[in-house]
Amino acid sequence: MDVLIALGFTALLLMVTFFAGRKGERDHFEDLRRREARLRSIPVTTFETLPAGWEPTGSGVVTGSVVMSADYFKQFVAGFKKFFGGRLTVYEPLLDRARREALARMLEAARKKGFDAVINVRIEGSRINRSGTEKDGVVAVEMLAYGTGIKRARRPAVPAAAPAA
């Protein structure tokens, strides 16, 4: 009887974490879409040099970082996948969300500092473990996005040519 209670509790825990994790992930992706749409006007490049025609009037480092962990259900499923081998697809949305969140935070920092664009953008990732051993580790990743924020000179609008008479 104790075994059935333990199995029932485990199944209940898995169901709760599955639905809670799924809702949290869906809500986070929706929040990211809204924020990315607001930040779309800020040009971002991986180039180390300024594009032709850009005249900087200021610059500075901008960063955005996030630490995210997988929910219990994903860790449970990944345990089976690790046993048999193959892609751990349950972690791919976690990495996607972490990358996008770090980039969004970097762009929000750039906007807050008054920068119009970010060049030389890089993304770094690392895993975070409890004790440094695979067996005892927590499934969590840190993503860091960084680049050089640029404030560009504003040029006056060129008046449209008068129509020919």
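## Contacts, core and sheet

Modeller: Let me open with contacts, meaning heavy atoms within 4.5 Å. In the protein chain, 79% of the contacts between residues at least 6 apart in sequence join residues at least 24 apart. This is a predicted model, where local features need pLDDT of at least 70, side-chain atom pairs count only at pLDDT 80 or more, and totals for chains, interfaces and linings use all residues. Residues are numbered from 1 along each chain as its sequence is written, and side-chain values use heavy atoms, with hydrogens and water left out.

Colleague: Good to know! What makes up the pattern along the protein chain?

Modeller: Helices (H or I, at least four residues) and strands (E, at least two) are DSSP runs, numbered from the N terminus. By that rule the protein chain has 3 helices and 3 strands, and their order in sequence is α-β-α-α-β-β.

Colleague: How do you know that the span of α3 agrees with its number of residues?

Modeller: The expected span is 1.5 Å times one less than the number of residues. For the 21 residues of α3 that gives 30 Å, and the end C-alpha atoms are 30 Å apart, so the two agree.

Colleague: Which residues of α3 are buried, and what covers them?

Modeller: They are L94, R97, A98, R100, E101, A102, A104, M106, L107 and A110. Their cover includes α1, β1, β2 and β3. An α-helix has 3.6 residues a turn, so residues three or four places apart point the same way.

Colleague: What makes a set of residues a nonpolar core here, and which members touch the most others?

Modeller: The set holds buried Ala, Val, Leu, Ile, Met, Phe, Trp, Tyr and Cys residues joined through side-chain atoms within 4.5 Å. The largest one has 24 residues, and V62, V66, A98, M106, L107 and V118 touch the most other members. Two or more residues come from each of α1 (2–39), β1 (56–69), α3 (92–112), β2 (117–128) and β3 (140–152). With 7 residues, α3 gives the most. Among the residues that V62 touches are M106, A109, A110, F115, V118 and A145.

Colleague: How do you know that β2 and β3 pair?

Modeller: Two strands pair if DSSP finds at least two bridges between them. β2 and β3 have 10 bridges, in the antiparallel sense, and I123 stands opposite A145 in β3. The open sheet of 3 strands has the order β1-β3-β2, with antiparallel pairing.

Colleague: Why are β1 and β2 called edge strands?

Modeller: Each of them pairs on one side only. From one strand to the next, the twist averages 10°. Helix α3 packs on the sheet, touching β1, β2 and β3, and its direction makes about 150° with that of β1. Such angles run from 0 to 180 degrees between N-to-C directions, with axes fitted to C-alpha atoms, for helices over the stretch in contact.

Key:
Buried < 20%, exposed > 50% of the residue type's maximum accessible area, 1.4 Å probe, protein only.
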